Amino acid sequence: MLEIRDLHATITDAEGRSLEILRGIDLAVPDGEVHAIMGPNGAGKSTLAHVLSGRDFYQVTAGSAVLDGVDLLAMAPEQRAAAGLFLAFQYPVELPGVGNAHFLRTALNAQRRARDLPEIDAVQFLKLARAEIKRLAMPEDMLKRQVNVGFSGGEKKRNEVLQMGLLRPRLAVLDETDSGLDIDALRIVAEGVNALRGPQFSALVITHYQRLLDYIVPDRVHVLAAGRIVRSGGPELARQLEVEGYAAIEQAA
Amino acid sequence: MVAASGTGFALPPAASAAARAAAAHFQRLGLPTPRAEAWKYTNLRGLGAVDFAPAAPSSAPLPDLPVLASLPGLPRLVFVNGHHRPDLSNVAPGPAGPGAPALARPERDAFAALNTMFATPSPIVVPPGHDAGTVLRLSLTLAGSDPIAAHPRQSLTLGAGARLTLLDVSAGTGAYLHNEVLEIALGAGAHLTHLRLQEGSAAAFAITTLYADLAEGAGYDALSFTLGAALSRTEAHVALSGAKARFTFDAAQALTAHQHGDITTVLAHDAPQGRSRQTIRNVLAQSARGVFQGRIDVARAAQKTDGYQMNHALLLSANAEIDSKPELRINADDVKCSHGATVGELDADQIFYLRSRGIPEPEARAMLIRGFLAEPLAAIAEAPIRAVFDDALARALTGLTA
């Protein structure tokens with residue numbers, strides 16, 4: 001279970017000024033639930049994702065974020081991952097010269113080591129990876145390619161979902177995973193997430209549009225505006241926002 | 001001019017006429033100093049101060065080299081201290097006939113002159129139309145307690161349409177000068193894949209001077225990976241003499257401590273529609289210094305030349321240094337020729353991406369350095385040969401991240 005309390009975070013701009021992006025976030029995602037975070041551009045959605053995963057160019061000035069009773073904010077990014085947090089990037093990073101299979105196995109084994117589990121050998125790993133790849137309708141050569149290099153937008157997002165499927169996080173944060181996806185890729189990505197749904201998995205789906213939520217139906221929807229959650233509701237809230245837009249909510253905030 | 005000290009640079013008694021002529025050139029040229037433009041960034045003071053003895057033929061058994069274990073079945077040509085070792089080889093160099101190319105320029109290049117004073121020619125000839133497969137050339141310099149100088153010399157002649165992959169490994173122990181000269185003549189439509197691994201000892205000076213001449217439609221793909229020596233220099237003079245000749249040069253050097261690595265290329269595009277691609281990668285840790293000098297001369301006749309040159313440097317420490325000097329001299333008017341350089345540290349976004357997947361920072365950094373160096377290795381078609389370079393890369397990483 002993820003519990004965020006009164007979370008404040010700032011970023012320092014090029015002129016050295018400190019700008020507060022998150023201005024007191026309160027949010028709880030119980031085990032087994034998928035919550036959506038929606039909101040206009042600049043509301044702080046991606047900042048929230050990065051603060052949770054430990055990106056160092058944000059400074060947390062107040063509040064807490066606790067996953068399964070462990071203080072996420074006190075840990076290095078790799079420790080947060082080992083604790084069960086996964087961030088699906090809005091812009092997955094290309095790693096020239098790093099093979100995808102090698103990357104995936106290194107990540108999986110690093111997390112297993114951190115949890116005192118035995119490492120997985122290359123043969124076992126390939127078996128696991130091939131099964132995931134099949135499930136996501138990805139071409140098998142994706143394992144042989146360099147991480148995200150020359151991947152289309154859709155392939156990059158599918159590669160994020162592949163990593164998630166292999167790493168089996170307790171909590172996945174999907175940062176605008178729908179951006180740049182056509183409808184087929186969107187469906188595959190959503191199926192990848194839905195397949196993980198269960199009592200041991202929860203997710204925070206960050207999106208600007210309601211479209212993704214037709215495929216990943218959330219238990220709760222929260223609206224983030226100007227660094228705070230200004231409204232929460234059931235899945236119907238997403239459809240309402242699609243019709244009404246964010247303007248009314250921003251005025252209310 | 002630095003006086004060449006030591007008996008190692010004195011002409012042996014039974015010298016040939018060519019060796020005597022080379023000695024006169026070397027006497028005149030001396031060891032290059034930074035006052036010579038081509039040696040501006042590489043100072044040979046340290047080399048000049050060492051008293052090298054000439055390397056005697058050695059009957060030492062082969063050290064336990066990973067390359068021999070991974071590729072036991074490959075035809076191989078072994079040289080120890082610059083001398084051919086028939087007992088360790090299963091391929092013999094051909095006779096030094098009149099057909100061997102005379103591409104070296106001892107009258108201009110001091111190290112070629114020095115090499116010519118001592119070297120025994122070792123020609124390999126692939127007849128026209130013949131595919132010679134893959135051959136391993138292993139050149140070892142094994143110094144005892146005293147510094148020695150070895151001068152291996154290799155000529156390669158590929159007849160029209162001939163093909164060869166040369167896996168070219170040099171290594172050594174102790175303090176030595178490994179001063180090799182390679183002469184490569186490619187006939188029309190011939191193709192050479194040259195995979196070079198240079199892994200000198202920490203106290204070594206490793207100088208390679210390479211001369212290549214490409215006839216019409218010939219292709220020369222060179223991959224060069226340098227892990228070390230105290231000071232290394234690879235100087236390649238490549239002439240695209242025939243139309244539509246192609247040259248690719250993927251060089252990487254991984255240097256640490258006070259290592260100095262110099263890659264210097266001089267390309268002569270002398271004929272129309274030639275194509276050259278040079279990509280250099282430097283990873284420099286601690287106080288290492290990398291140098292790339294890339295000259296491209298395009299002759300008036302060499303219309304439609306397509307040349308590209310790029311020098312990438314990854315600096316892992318504030319004390320590391322890269323010197324990059326492109327030099328394009330273009331005398332034809334219908335030519336595409338570009339050059340560039342990048343210098344930087346490891347990318348913070350890439351490190352974060354790996355860490356967000358649970359990979360600790362030191363391991364993440366090592367993966368990215370490896371990736372940076374490994375990119376050209378993907379082009380090696382044969383898996384066991386790629387494994388030789390992968391192993392070398394793993395050893396390099398241990399040094400870089402120590």
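**Entry: what I am reading**

I noted that this is a predicted model, in which local features need pLDDT of at least 70, side-chain atom pairs count only at pLDDT 80 or more, and totals for chains, interfaces and linings use all residues. Residues are numbered from 1 along each chain as its sequence is written, chains are lettered from A and ligands numbered from 1 in the order in which they are written, and side-chain values use heavy atoms, with hydrogens and water left out.

**Entry: chain A as a whole**

I found eight helices and twelve strands in chain A, taking helices (H or I, at least four residues) and strands (E, at least two) as DSSP runs numbered from the N terminus. For 253 residues a compact globule would have a radius of gyration near 18 Å, and chain A agrees with this at 18 Å; the radius is taken over C-alpha atoms, and the globule rule is 2.2 Å times the number of residues to the power 0.38. The C-alpha trace of chain A spans about 55 × 40 × 40 Å along its principal axes, and 53% of the 253 residues count as buried.

I then looked at contacts, which means heavy atoms within 4.5 Å. In chain A, 69% of the contacts with a separation of 6 or more are between residues 24 or more positions apart. The accessible surface of chain A comes to about 10700 Å², with 51% of it belonging to carbon and sulfur atoms; such areas come from the Shrake-Rupley method with a 1.4 Å probe, and for residues only the protein chains shown count as cover.

For the charges, I counted Lys and Arg as positive and Asp and Glu as negative, leaving out His and the chain ends, and I took the place of a charge as NZ of Lys, CZ of Arg, CG of Asp or CD of Glu. On that basis the 28 positive and 33 negative charges of chain A have mean positions 5 Å apart.

**Entry: chain B as a whole**

I found seven helices and 20 strands in chain B. The radius of gyration of chain B is 20 Å, close to the 21 Å that the globule rule gives for 402 residues, so chain B is as compact as a globular protein of that length. Its C-alpha trace spans about 65 × 55 × 45 Å along the principal axes, and buried residues make up 56% of the 402 residues.

In chain B, residues 24 or more positions apart account for 85% of the contacts with a separation of 6 or more. Chain B exposes about 15200 Å², and carbon and sulfur atoms supply 55% of that area. The mean positions of its 32 positive and 35 negative charges lie 3 Å apart.

**Entry: aromatic pairs**

A:Phe89 is buried at 6% relative accessible area, and B:Phe352 is buried at 5%. Ring pairs link A:Phe89, A:Phe103, B:Phe352 and B:Tyr353 into a cluster.

**Entry: two loop residues in chain A**

A:Asn148 is not a glycine, yet I found a positive phi of about 65 degrees for it. A:Asn148 sits in the loop between strand S8 (146-147) and helix H5 (153-167) of chain A, and it is buried, with a relative accessible area of 0%.

A:Glu176, although not a glycine, has a positive phi of about 45 degrees. I placed A:Glu176 in the loop between strand S9 (171-175) and helix H6 (183-196) of chain A, where it is buried at 12% relative accessible area.

Key. Buried < 20%, exposed > 50% of the residue type's maximum accessible area, 1.4 Å probe, protein only. Phe/Tyr/Trp six-rings, centres within 6.5 Å; stacked < 30°, edge-to-face > 60°.
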